[in-house]
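Dear colleague,

My notes on what was found in it follow directly after.

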Amino acid sequence: MSRVFSRQRVLLVTAAVGLWLLLTDGDPASWLVGVPVIALALAYGERVAGPAGTPLSLVGILLFIPFFLRESLLGGIDVARRVLAYRPRVQPGFARYPLSLRSAPARVLFANTVSLLPGTLTVEMRDQEIELHALDMRGDYYTELARLERAVGRVFGEVH
Amino acid sequence: MLDAVGLALIGTGLVFFAAGSIGLLRLPDLHSRLHALTKADNLGLGLLAVGVAFLAGDLLIAVKLLLLWLLVLAASAASAHLIARHARLRGQGR
């Protein structure tokens, strides 16, 4: 039985209100939309991820940001070069990767970042593995995904 | 000087937006097209956001643009995943 004002909820509501203020310049009329949206988002979030908070690692986050930016840059350049070539250089296909991340937020961050990495796109998440689409089956995705898994694991304290 | 940097970033961002749309037209199947849309457009929007932040020269606007970029990234990665998954379940792209 969780209390109505758990530390986790107070923190989330504060963050959501701050985010809304920032995005709307504090326009009072915007709360007409903001209050129901925040309430729905938090209720849905708890339903999906459960009320328990996952501890975040500050070091993990600080290491993840440059990794994420670099991979987004490489991913965009890679796909742009492939489609702008005289004949688009692709050899698409499906592949699998065994996933050992357990917590829901870690798995969601992993799945979403996979789609920003060069040449990979998340198709399906299963308990023990992820099915992905590869733009070029000749590439070595396993190493890339293992690096991403370690980086995501560090953010949520699953890997040190 | 800052304006020139901002305009250069915006121009580069537009090149990636164009590449995303060209990919949509040129790539052979639904899943490959999603690659072009997610990755090229996300990078394009990121460069555009940084460029606009340079032009605005205002920290609050820069933070807001960063947030918008992250929100769009999350939305586009999630919707790309849902489209890819649905198409795979329907038996497309074998």
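I begin with one histidine: B:H81 has a relative accessibility of 16% and therefore counts as buried, the limit being under 20%. Please bear in mind throughout that this is a predicted model. B:H81 is placed in helix 3 of chain B. Leaving aside residues up to four places away in sequence, B:H81 touches A:T122, A:V123 and A:E124.

The interface between the chains

The contact involves 37 residues of chain A and 35 residues of chain B. Together the two chains bury about 2,900 Å², and carbon and sulfur atoms account for 72% of that area. On the side of chain B, the residues that lose the most area to chain A are B:R26, B:H35 and B:K39, which together make up 22% of what that side buries.

Twelve residue pairs are in polar contact across the interface of chain B and chain A, with both residues of each pair at pLDDT 80 or more. On the side of chain B that touches chain A, the elements giving two or more residues are helix 1 (2-26), helix 2 (30-56) and helix 3 (59-89) of chain B. Helix 3 of chain B gives the most to this side, with 16 residues. Sorted by class, the side of chain B that touches chain A comprises 21 nonpolar, eight polar and six charged residues.

A salt bridge that joins the chains

Over all chains the structure holds 14 salt bridges, and three salt bridges are counted between chain B and chain A. In one salt bridge, the side chains of A:D25 and B:K64 meet at 2.8 Å, N to O. A:D25 lies in the loop between helix 1 and helix 2 (31-49) of chain A, while B:K64 lies in helix 3 of chain B, so the pair joins two chains.

Are the two partners buried or exposed? A:D25 has 56% relative accessibility and so counts as exposed, the limit being over 50%. B:K64, in contrast, is buried, with a relative accessible area of 16%.

The backbone at A:D25 also deserves a remark. Helix 1 of chain A (residues 7-24) has 18 residues and reaches 26 Å from its first C-alpha to its last, close to the 26 Å expected at 1.5 Å a residue. Just after this helix, A:D25 takes a positive phi of about 55°.

Salt bridges within chain A

A:R147 and A:E144 form a salt bridge, with their closest N and O atoms 3.5 Å apart. Both residues lie in helix 5 of chain A (residues 141-155), three residues apart, about one turn of the helix. An α-helix has 3.6 residues a turn, so residues three or four places apart point the same way. A:R147 is partly exposed at a relative accessible area of 30%, and A:E144 counts as partly exposed at 22% relative accessibility. Elsewhere, salt bridges that share partners join A:R96, A:R126, A:E129, A:E131 and B:R88 into one network.

With kind regards

Notes. Residues are numbered from 1 along each chain as its sequence is written. Chains are lettered from A and ligands numbered from 1 in the order in which they are written. This is a predicted model: local features need pLDDT of at least 70, side-chain atom pairs count only at pLDDT 80 or more; totals for chains, interfaces and linings use all residues. Side-chain values use heavy atoms; hydrogens and water are left out. Contact means heavy atoms within 4.5 Å. Buried area is the accessible area (1.4 Å probe) that two parts lose on being put together, summed over both. A salt bridge is a side-chain nitrogen of Lys or Arg within 4 Å of a carboxyl oxygen of Asp or Glu. A polar contact is a pair of N or O atoms within 3.5 Å; within protein, one must be able to donate a hydrogen and the other to accept it, and residues adjacent in sequence count only if both atoms are side-chain atoms. Helices (H or I, at least four residues) and strands (E, at least two) are DSSP runs, numbered from the N terminus. Ala, Val, Leu, Ile, Met, Phe, Trp, Tyr, Cys and Pro count as nonpolar, Asp, Glu, Lys and Arg as charged, and the others, Gly among them, as polar. Buried means under 20% relative accessible area, exposed over 50%, partly exposed in between (1.4 Å probe, protein chains only). The expected span of a helix is 1.5 Å times one less than its number of residues.
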